[in-house]
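User: I am new to this structure and would like to understand the terms used for it. Please go through them with me step by step.

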Amino acid sequence: MSVLDIFNRLTRRADLMNAMMSKIGVADEIWKLPDHAGVLRRAANRCLTCDKPDACAHWLAHEPHPAEAPEFCHNRDLFARARKKADHKSQPVA
Ligand code: SF4
């Protein structure tokens, strides 16, 4: 694998992770976390080892308004927790 191949892999996975966070509406919530740098670094590492980048890209292109990441996403649990937190904050105070 050449340096360019490695760079392309890093860039593609970062793009997929960013698109996934935007698609399910958790990007802002994750960036607000006190340890967002560490959280994002660990999430990026999981993306780098994900064996389904093509399925990820296909899912992103065909799911208009998903509430959660697909079953095969290695960051599904993280994104679900962030989504739950974001949804909880948007609830009106009774
Ligand atoms: S499916 Fe894989 S590549 Fe896509 S966001 Fe999840 S971990 Fe990253």
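Analyst: Apart from its neighbours within four places in sequence, Met21 is in contact with Val26, Ala27, Ile30 and Phe79, where contact means that the C-beta atoms of two residues, placed from the backbone, lie within 7 Å. This is a predicted model, in which local features need pLDDT of at least 70 and side-chain atom pairs count only at pLDDT 80 or more, while totals for chains, interfaces and linings use all residues. Residues are numbered from 1 along each chain as its sequence is written.

User: What makes the elements of the chain helices, and how many are there?

Analyst: Helices are DSSP runs of H or I with at least four residues and strands are runs of E with at least two, numbered from the N terminus; on that basis the chain has five helices and zero strands, in the order α-α-α-α-α.

User: How do you know which residues surround the ligand?

Analyst: A residue counts as near a molecule if its C-beta atom, placed from the backbone, lies within 6 Å of it; 15 residues surround the ligand, and the closest are Met20, Cys47, Cys50, Cys56 and Cys73. α1 gives the most to this shell, with four residues.

User: What makes the shell residues nonpolar, polar or charged?

Analyst: Ala, Val, Leu, Ile, Met, Phe, Trp, Tyr, Cys and Pro count as nonpolar, Asp, Glu, Lys and Arg as charged, and the others, Gly among them, as polar, so the shell divides into 10 nonpolar, two polar and three charged residues.

User: Why is the crossing of α1 and α4 described by an angle and a distance, and what are they?

Analyst: Two packed helices are described by the angle between their axes and the distance between the axes. For α1 and α4 the angle is about 35° and the axes are 10 Å apart.

Technical notes. Axes are lines fitted to C-alpha atoms, for helices over the stretch in contact, and angles run from 0 to 180 degrees between N-to-C directions.
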